[in-house]
Amino acid sequence: MLAAAADQLGAACPPLVCVGGQPSTAALRLLANLVQSGARLWYHGEFDWGGLRIANLLRGRVPWQPWRYGTADYLAGVAARTDRPSTGGSLSGTPTDAAWDPGLAAAMLAAGVRVEEELVLDKLITDLSAATGH
């Protein structure tokens, strides 16, 4: 995501933070400091059980709004995945609820597939571009 945003938007790209999986103490401190300074955080993660766990952990530490990370977004990704089967796989692991969207876990259980960020990357970049006014 970071590389794609930098490649496509260059210096016009709004600030992004990538925690790269489980957030480190340094990442959590950075995000908390940003919030204390008045920043609003928007979060997008992978649509799999690990992604939901990471999002729940972050939500317990810093306030954030979902960024294309809800039930409707997941279902759109599932539909798009039929055209690009290499961008996901079977949903495995221990299910977990999504604190920000009560219907997301049920939708994921019903579909049984994970949806990777690559399926929504174009939409995320479009959102970033719109945020910059370009």
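In which helix does Leu 124 lie? Leu 124 lies in helix H6, and the legends below present this helix together with other parts of the chain. The structure is a predicted model, in which local features need pLDDT of at least 70 and side-chain atom pairs count only at pLDDT 80 or more, while totals for chains, interfaces and linings use all residues. Residues are numbered from 1 along each chain as its sequence is written, and side-chain values use heavy atoms, with hydrogens and water left out.

**Figure 1. The whole chain, with its helices and strands.** The chain contains 6 helices and 4 strands. Helices (H or I, at least four residues) and strands (E, at least two) are DSSP runs, numbered from the N terminus. In sequence order, the elements follow the pattern α-α-β-α-β-α-β-α-β-α. The C-alpha trace spans about 40 × 30 × 20 Å along its principal axes. The radius of gyration, taken over C-alpha atoms, is compared with a globule rule of 2.2 Å times the number of residues to the power 0.38. For 134 residues, a compact globule would have a value near 14 Å, and the 15 Å of the chain agrees with this.

Figure 2. Of the 134 residues, 39% are buried. Buried means under 20% relative accessible area, exposed means over 50%, and partly exposed lies in between (1.4 Å probe, protein chains only). The chain exposes about 7,400 Å², of which carbon and sulfur atoms supply 54%. Accessible areas come from the Shrake-Rupley method with a 1.4 Å probe, and for residues only the protein chains shown count as cover. Among contacts with a separation of 6 or more, 73% join residues 24 or more positions apart; contact means heavy atoms within 4.5 Å. The mean positions of the 10 positive and 12 negative charges are 7 Å apart. Lys and Arg count as positive and Asp and Glu as negative, whereas His and the chain ends are not counted. The place of a charge is taken as NZ of Lys, CZ of Arg, CG of Asp or CD of Glu.

Figure 3. Helix H1 covers residues 2-9, and its residues Ala 4, Ala 5 and Leu 9 are buried. Seen down the axis of H1, these buried residues fall within an arc of 100°, so they line one face of the helix. The arc is that of the directions from the helix axis to the C-beta atoms. An α-helix has 3.6 residues a turn, so residues three or four places apart point the same way. Ala 3 and Asp 7 are exposed on the face of H1 turned away from its buried side. The cover over the buried residues of H1 includes helix H6 (121-132). After H1 comes Gly 10, which has a positive phi, near 55°.

Figure 4. Apart from neighbours within four places in sequence, Leu 124 is in contact with Met 1, His 44, Trp 67, Arg 68 and Glu 117. Leu 124 and Val 35 are 89 residues apart along the chain, and their C-alpha atoms are separated by 21 Å. Lys 123 also lies in helix H6, but Lys 123 is partly exposed, with a relative accessible area of 40%. Not counting residues up to four places away in sequence, Lys 123 touches Arg 68 and Ala 76.

**Figure 5. Arg 68 in a loop.** Arg 68 is placed in the loop between strand S2 (65-66) and helix H4 (71-81). Although Arg 68 is not a glycine, its phi is positive, about 50°. Arg 68 counts as partly exposed because its relative accessibility is 29%. The C-alpha atoms of Arg 68 and Lys 123 are separated by 8.5 Å, although the two residues are 55 residues apart along the chain.

Figure 6. Arg 59 is found in helix H3 (residues 49-61) and, at 32% relative accessibility, counts as partly exposed. Beyond its neighbours within four places in sequence, Arg 59 is in contact with Trp 64, Ala 99 and Trp 100. Arg 59 and Trp 100 are 41 residues apart in sequence and 8.3 Å apart from C-alpha to C-alpha. Ala 39 lies in the loop between helix H2 (25-36) and strand S1 (42-43), and with 34% relative accessibility Ala 39 is partly exposed.
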